[in-house]
Amino acid sequence: MAAALRILLLTHSFNGLAQRLFTELGADGHEVSVEFDIADSVTEEAVALFAPDVIVAPFLKRAVPESVWRRHLTLIVHPGIVGDRGPSALDWAIQEAEPAWGVTVLQAEAEMDAGPVWASHAFPLRAASKADTYRNETTAGALAAVREALARVPDWRAGRWQPRPLAEISDARGRLRALMRQAERALDWAHMGSAEILARIRAADGFPGVADALFDQACHLFDAHPGRRPAGREHAAPGTLLARRDGALLRATADGAVWIGHVRRADSPHPFKLPATLAFAAETSALPELPATLMAPAGADPAELGYRELAYRETDDGTLGVLSFEFYNGAMSTAQCRRLLAAIAFARGRPTRVLVLDGGAGFWSNGIHLNTIEAAPSPADESWANIEAIDDVCLALLGLTDRLTVAALRGNAGAGGCFLALACDRVWAREGVVMNPHYKNMGNLFGSEYWTYLLPRRVGEEAAHAIMSNRLPLLARQAAAQGLIDDCFGSGRTNFTAEVEARARVLATDPALAAHIADKACRRAADEVEKPLAAYRAAELDMMRRNFYGFDPSYHVARFHFVLKSAQSWTPRHLARHRDLGWQTPRPCEAVPAP
Ligand code: COA
């Protein structure tokens, strides 16, 4: 490990990348604190208080003030290959189908993204959305490059190493690219094929989306998936809306069709992302619903099955069932929870002895759907319906006493989504997954999902209290070390999925399986006698009733700001450690050596 450093993370928000760096660099032994980039004077104050050895900026929307970068080593994480500059790095790479992309760590200088290069990391570019790539390859690459850069700091200070000025890097493929405008993202439904439409929407997903129109109403499109025209509609004109499925709309392209899962309507009272059929509820009601197939027959063509939020399959020997669910952004609305509940009921009827709950690749789950709640006529009533619905899912998992269940976390999990995972007998997470097993950041929400039963029985009362009140992100391997989850392995997504299946097969074919299942059923029965699950739920919901209907509006205010993405106006104290009372006297800072 490199020498321990005092690192200030200067960031626009505590996004997934900032969370990963915060947890990983802290685990590496560095002293890490966070300041949101709110105003130059606030940044200057934070730097004066913390006197960092290095400032790392994982996600900024504006330049670092000169007063800071001139006096303190400031490393910027740019989500592009060496030489790439500009605010739409990944957007251009995805839209123009670059075969490979990268992340570069460079030193802040007057010109944005043009400072000397400290480290970089390259990766092959998948056909995936910008948000998905950012959360996976970009985040992993950024961590590797930041670690490499930090290891160079002592040599740089001693004058033994210098970052490479961009002008001297002759093989740099990147170049300055302007902000990608909506005109460059525009969709021409009459002439563009599905591949081009998918690439354009993916390049703009999760932000800003592609400006388009549905039912003659301006809106932005997100969450696109390949589709096929249904029988009888093979000759529909491109642009025609053909069908609906679980919140998504099927729209004809020049050579086929694509599913659009989410839209944002600027003109509506709810100018944030919603499932397409909810945003256009009246307009889409007449479209035919094309039901998704939960369990496809062996050998079925995936292209024929099309977009599915839920999919169930079994291994050839029939011992193992895998229920996959992929909810956009990990948010689970009342309707989505009910569909998942029905899928669990289906899986329960199958003669398997082990069931893997394979959540989303972007996020395993982030709990109840705050956007659909915000858009409901009564957000309090919808919060209530949603929490009851997700509790029902947890209860169904806890009730599967005739088999073992495994939660396989390929992606991050937050709030209720973490506790949903704990409702399974085994919780396995991919190396690099970040968990946020707490609710308080959402306006002091108490939380449900049987957490008062599930959390203490895994980590004990004291640790449960600490996890809930610290409200900090936790790496999967830290979660495994403290018993919150059972194991963490497989850094790549493919490795992880293969290893989950291999391990689950071992469980399913273990001669002691019947004994494990019997033990599980016994333990559940004993726990039920001690305190029924209904009592845990009632007590949690009692607190949630106060959050939803009580005199303190904190949850409703926090949800509004979360959904509407209000700008940050201060850094929470649990992240800005340098603002704690009693923070040690700063060391004198060293000016950045002249290049
Ligand atoms: N409902 C609706 N949307 C959600 C969501 C939820 N529960 N959780 C995350 N999202 C959306 C975000 O709005 C964002 O949308 P975008 O695509 O428009 O950018 C996207 O998912 C990614 O979330 P983001 O907050 O940017 O990810 P992150 O990695 O920085 O942080 C969390 C992850 C889980 C810490 C954070 O998303 C969060 O606090 N979510 C809310 C969890 C919660 O309180 N759930 C309700 C109680 S169970």
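Figure 1. Glu-304 has a relative accessibility of 52% and counts as exposed, where exposed means over 50% relative accessible area, buried under 20% and partly exposed in between (1.4 Å probe, protein chains only). Arg-228, at 39%, is partly exposed. The two residues form a salt bridge, and their closest N and O atoms are 2.5 Å apart; the term stands for a side-chain nitrogen of Lys or Arg within 4 Å of a carboxyl oxygen of Asp or Glu. Glu-304 belongs to helix H10 (residues 302–305) and Arg-228 to the loop between strand E8 (217–227) and strand E9 (241–245), so the pair ties together parts 76 residues apart in sequence. Helices (H or I, at least four residues) and strands (E, at least two) are DSSP runs, numbered from the N terminus. The model is predicted: local features need pLDDT of at least 70, side-chain atom pairs count only at pLDDT 80 or more, and totals for chains, interfaces and linings use all residues. Residues are numbered from 1 along each chain as its sequence is written, and side-chain values use heavy atoms, with hydrogens and water left out.

**Figure 2. The interface of domain 1 and domain 2.** The domain assignment, which is automatic or from a database, gives domain 1 (6–168 + 571–579), domain 2 (184–284) and domain 3 (309–549). Nine residues from domain 1 and eleven residues from domain 2 take part in the contact between these two domains, contact being heavy atoms within 4.5 Å. About 810 Å² is buried between them, 49% of it from carbon and sulfur atoms; buried area is the accessible area (1.4 Å probe) that two parts lose on being put together, summed over both. Asp-91, Gln-95 and Lys-130 supply 54% of the area that domain 1 buries against domain 2, more than any other three residues.

**Figure 3. The salt bridge across the interface.** Side chains of opposite charge can pair when their charged atoms come close. One salt bridge is found across the interface of domain 1 and domain 2. Asp-91 and Arg-185 form a salt bridge with their closest N and O atoms 2.8 Å apart. Helix H4 (89–95) and helix H5 (130–157) are the elements that give two or more residues to the side of domain 1 that touches domain 2. The largest share of that side, four residues, comes from H4.

**Figure 4. Glu-137 in helix H5.** Glu-137 is found in helix H5 and is buried, at 18% relative accessible area. Its side chain makes a polar contact of 2.6 Å with the side chain of Arg-126. A polar contact is a pair of N or O atoms within 3.5 Å; within protein, one must be able to donate a hydrogen and the other to accept it, and residues adjacent in sequence count only if both atoms are side-chain atoms. Leaving aside residues up to four places away in sequence, Glu-137 touches Phe-123, Pro-124, Arg-126 and Asp-132.

Figure 5. Arg-147 and Asp-28 meet in a salt bridge (2.7 Å, N to O). The pair links distant parts of the chain, 119 residues apart: Arg-147 is in helix H5, and Asp-28 in the loop between helix H1 (16–27) and strand E2 (31–36). Asp-28 is buried at 17%, while Arg-147 is partly exposed at 32%. Both belong to a network of salt bridges that also links Arg-20, Glu-24, Glu-431 and Arg-477. Arg-152 forms a salt bridge with Glu-148, at 3.4 Å between the closest N and O atoms. Arg-152 and Glu-148 are four residues apart in helix H5, which means they are separated by about one helical turn.
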